[in-house]
Protein chains: 2
Amino acid sequence: MPSLPTTSQRLTDRKRSAIIEAAIDEFRVAGYETTSMDRIAARAEVSKRTVYNHFPSKEVLFAEILHHLWEAIAGGEELAYRADRPLRDQLLELIAQKFRLLNDDAFVSLARVAIAAGIHSPERALDMVARMSEREEGLTVWIRAAAADGRLKTSDPVFASHQLQGLIKSFAFWPQITLAQPPLDTAAQKQVAESAVDMFLAYYAV
Amino acid sequence: MPSLPTTSQRLTDRKRSAIIEAAIDEFRVAGYETTSMDRIAARAEVSKRTVYNHFPSKEVLFAEILHHLWEAIAGGEELAYRADRPLRDQLLELIAQKFRLLNDDAFVSLARVAIAAGIHSPERALDMVARMSEREEGLTVWIRAAAADGRLKTSDPVFASHQLQGLIKSFAFWPQITLAQPPLDTAAQKQVAESAVDMFLAYYAV
DNA sequence: CATAAACTACACTACGCAGTGTAGATATTT
DNA sequence: AAATATCTACACTGCGTAGTGTAGTTTATG
């Protein structure tokens, strides 16, 4: 008669989860190269053989981690352009959505691991970036719509979107990725978001 | 009677240079972990023992590389604020100076190697970032002076400087570092610089 | 030319890591 | 309770790597 607590199902599933969790922790602090399967096994409190029973190789385990983190990322709901609302409010909402992503632990882990692993093998990173870009397309679509509606004066929505995101990421993404800085607190997020939006609109609003 | 060409001095100096050059190439494409001393020796066409006669360990060699690249970076001349000239022209000059750095091969190599190596050991990266920040202080100083002169309305020059740099780096730095993208061509540089400066001034100019 | 310094080839140690094989213990299912 | 799936400990292979020791060759210098 197994105890059968609600959080855990079959033993093999718990083991698998423990391995994935341990692998995320190890890969995220040590990178791909310097993380060893023995360390992952030890951290997961699992036999090394069990790791290999679940994942045939380090490569496969790593890919699984990336996939797992990607799935865990909070999905955005694609805010659509509204002609009847102020641009500022809509942009602030879009930015707030972006911050939810940037504050997501799974996202930061993924980005760190992916960038660290891919910085010297662009082909590996490229697929990641492609999918990240999809996620960033929402803002571009919004800007294009606002421009088509005659409320923004830009002929290059992709460029403009990239600019606005640069204003955010340089505070709330790159320092966290490259220097393991903590995420911005609420006040800082507010300042960064409002200042970015106001600067953006000061230049692009008709 | 040695040939004594002008480019090379004593044999030992040439060997040393060859090692450093080979090490830069290897570290830059493969990162710290995956680069081996044997490969460096082979690429430098030098005995492995010679490498160790010059550098006692891989760590020391790596530090030497970082130092070497740092020295090779084109030095900026610290453009000072001028009350008698348009803000836009001065800012464009500051940005142009920044682009000279961003287009510097030694700088990109250094940044790639340092970020790749330091992404999971912040203490190592911190000293780098500290020195990079010094190099970025010129812009902050300029903004502070312009604000003191009453021509910019900001109470936080560091923040504003960071914003302007975010507008540049998100096009001309991070893609090159993380995705090994080629540097921006002249036209793109012009667009990025002018658009950034105009947006910045649209918001901060009094 | 003789002496010292630097370079080379090569063998070697020590170590960590990816991955495998096996025999027995533990858990799950029927 | 029996049969089956899974986990564990552990020993082991094979490989790449950091770093050293040595004996002999090449290069510089007085």
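First, a term I need: buried means under 20% relative accessible area, exposed means over 50%, and partly exposed is in between (1.4 Å probe, protein chains only). This is a predicted model, so I keep in mind that local features need pLDDT of at least 70, that side-chain atom pairs count only at pLDDT 80 or more, and that totals for chains, interfaces and linings use all residues. Residues are numbered from 1 along each chain as its sequence is written, chains are lettered from A and ligands numbered from 1 in the order in which they are written, and side-chain values use heavy atoms, with hydrogens and water left out.

**Entry: salt bridges**

I call it a salt bridge when a side-chain nitrogen of Lys or Arg is within 4 Å of a carboxyl oxygen of Asp or Glu. Side chains of opposite charge can pair when their charged atoms come close. How many salt bridges are there over all chains? I get 25.

I looked at A:Arg82, which pairs with A:Asp84, the closest N and O atoms being 3.0 Å apart. A:Arg82 is partly exposed at 40% relative accessible area, and A:Asp84 is exposed at 55%.

Next came B:Asp105 and B:Arg28, a salt bridge with its closest N and O atoms 3.1 Å apart. B:Asp105 sits in helix α6 (residues 105-118) of chain B and B:Arg28 in helix α1 of chain B, so this pair ties together parts 77 residues apart in sequence. For helices I go by DSSP runs (H or I, at least four residues), numbered from the N terminus. B:Asp105 is exposed at 52% relative accessibility, while B:Arg28 is partly exposed at 24%.

B:Glu194 and B:Lys190 form a salt bridge too, with the closest N and O atoms 3.3 Å apart. They are four residues apart in helix α10 (residues 186-204) of chain B, so about one helical turn separates them. B:Glu194 is partly exposed at 25%, and B:Lys190 is exposed at 52%.

In chain A I also noted a network of salt bridges that links A:Asp25, A:Glu26, A:Arg28, A:Arg39, A:Arg43 and A:Asp105.

**Entry: DNA strand D**

I count a residue as near a strand if one of its heavy atoms lies within 4 Å of it. Which residues come nearest to DNA strand D? Of the 20 around it, they are A:Lys15, A:Thr50, B:Met37, B:Lys48 and B:Lys58.

Phosphate oxygens of DNA strand D lie 2.7 Å from a side-chain N or O atom of A:Lys15, 2.8 Å from a polar side-chain atom of A:Thr50 and 3.0 Å from a polar backbone atom of A:Ser47. The elements giving two or more residues to this surface are α1 (11-34) and α3 (48-54) of chain A, together with α3 (48-54) of chain B.

**Entry: DNA strand C**

I find 21 residues around DNA strand C, the closest being A:Met37, A:Tyr52, A:Lys58, B:Lys15 and B:Thr50. A phosphate oxygen of DNA strand C is 2.8 Å from a backbone N or O atom of A:Met37. For B:Lys15, a side-chain N or O atom is 2.8 Å from a phosphate oxygen, and for B:Ser47 a backbone N or O atom is 3.0 Å from one.

Key. Polar contact = N/O pair within 3.5 Å; in protein donor to acceptor, adjacent residues only side chain to side chain.
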